Amino acid sequence: MAFKTIIEPFKIKVIEPIKITTEEERQGYLKEAHYNLFGLKSEQVLIDFLTDSGTSAMSDNQWASLMLGDESYAGSKSWGRMRNTIHELTGYPHIFPTHQGRAAERIVYGKLGGKGKVFISNTHFDTTRANIEVTGAEAIDIPIPESKDTALVYPFKGNMDIGKLEELVKKHGKENIGAVILTVTNNSSGGQPVSMENAVSVGKICRNYGLLYLIDCCRIAENAYFIKHREPGYENMGYYEIAQKMFSLADGCIMSAKKDAIVNMGGFFALKDKDFADSCRETLIITEGYITYGGLSGRDMETIATGLQEVFDPDYLHYRIRSTAYLGNKLHEVGVPVMLPIGGHAVYVDAKKMYPNIPAEEYPGQALACELYLKGGIRSCEIGSVMMGHRDASGCFIAAPMELVRLAIPRRVYTQSHIEYVIEVFEKLKEDCGSVKGLKIIEEPRFLRHFTAKFERL
Ligand code: F0G
């Protein structure tokens, strides 16, 4: 018989102590950090949901493979293992290591971009957009309309709008499209999955018009879980085979290994086309390192190879997706407005609905992130008007489309009792909803203000 409790499919061999703090102490820490959670010291945080990137726990096998790291400058055995693992998974012949995802983006989009070029994605992640726009090119997001309604339950809310894709290609001309990028899962749109059907349709349009089709695959294993359990026709296929099929539809991929390779640092890109790969190789050597390490230690490459195999383990993926859903669904049950259905790597709380009394100009998402920290020592990330809002030329405030707070869950790090604690903290926050005030920005940099802006409470 199947039990309803999902146990973590691992036991703990090494622990990292968490320092328990009081609300009073946290008041002081938050004030010192100017109400910006990026300004906190990690030891001031009890549960860190800032990101799932590079924060996961490696397995005993990964730690063991670390010792096998071959640190040779050229022709490292560890690179051979990493390359073969990626080749088997993706099928792409030309594979390049980089120190993290955005380094791969800089090389690939640096080559493809430039003034007049247009890139189209279900949603570009911030660094993807930045690496495209810095070349003078334009990055256009076309998520399906269903993705905008946080309460709507729809199986593949991460999909790309196929009708719009074709319209955009006709409007801009196929020669001006730098690439079409499918981000799986769609991080900036709630960590929602992309269906195989959508990936196939994107592929057909790309082939018809001769466009380059790339997959941002940093959470491809999590995406494969959703396909197997939600998309008809894939029930009997393995997660690894589902991922392989998705790769086979595209011309290449970029991966931040800090997510689904379950490592603390690393990345790569892989391509079908030899000429394009040849041109990227030069830049890789100039800026990242030689082609057999690209900014990574041999030991890092070993752990990536091991992690990329472990992540497709059915017990691991079941635990990963079901435990994220457990947190999200419990919050929903206790009346916390969350984005539905729950995505793969994170739970997104709708702060606009939680604090209807706080206008967007007073940053309800930031207010919620601060409350979560104060009451429970939980660090989250605002994805709303602090991150994406701005003032236009006349000084008028332009709000972000949504005021979300992301609880991104590191892989294999927290246990169910940590999660039960988070739910309890939210129950307390619900009770105090009406009395919470917004914030104002008192100092901000010109770009990416969410990292360093200083706030004051209203
Ligand atoms: N693409 C996606 C979809 C991502 O989520 C990220 C990183 C990157 C590319 C860039 O990779 O950090 O290795 O350079 N996302 C992290 C996050 C930072 O918190 O969601 P990177």
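## A buried arginine

A residue counts as buried when its relative accessible area is under 20%. In this predicted model, Arg411 has a relative accessible area of 0%, and therefore it is buried. Arg411 sits in the loop that runs between strand E14 (404–408) and helix H16 (416–431).

Once the neighbours within four places in sequence are left aside, the residues in contact with Arg411 are Asp52, Ser56, Ala57, Arg219, Glu222, Lys258, Lys259, Asp260, Ile262, Tyr316, Arg320 and His345. Two of these names, Arg219 and Lys259, return in the account of the ligand, where a side-chain atom of Arg219 lies 3.0 Å from a ligand oxygen and Lys259 is listed with the residues that come nearest.

## The two domains

The protein is divided into domain 1, made of residues 23–52 + 313–457, and domain 2, made of residues 60–310. The contact between these domains takes 26 residues from domain 1 and 29 residues from domain 2, while their centres, taken over C-alpha atoms, are separated by 27 Å.

## Around the ligand

Helix H4, which covers residues 101–112, supplies the largest share of the shell, namely 3 residues.

A polar side-chain atom of Ser256 lies 2.7 Å from an oxygen atom of the ligand, and an N or O atom in the side chain of Arg219 is 3.0 Å from a ligand oxygen.

## A buried threonine

Thr123 belongs to the loop between strand E3 (118–121) and helix H5 (126–133). Its relative accessibility is 9%, so Thr123 also counts as buried.

The side chain of Thr123 forms a polar contact, at 3.1 Å, with the side chain of Asn186. If residues up to four places away in sequence are not counted, Thr123 touches Asp141, Pro143, Thr183, Asn186, Ser188 and Ser189.

Note on methods: Residues numbered from 1 in each chain as written. Predicted model: local features only at pLDDT ≥ 70, side-chain atom pairs only at ≥ 80, totals over all residues. Heavy atoms only, no water. Helix = DSSP H or I, 4+ residues; strand = E, 2+ residues; numbered from the N terminus. Buried < 20%, exposed > 50% of the residue type's maximum accessible area, 1.4 Å probe, protein only. Contact = heavy atoms within 4.5 Å. Near = heavy atom within 4 Å. Polar contact = N/O pair within 3.5 Å; in protein donor to acceptor, adjacent residues only side chain to side chain. Domains from an automatic or database assignment.
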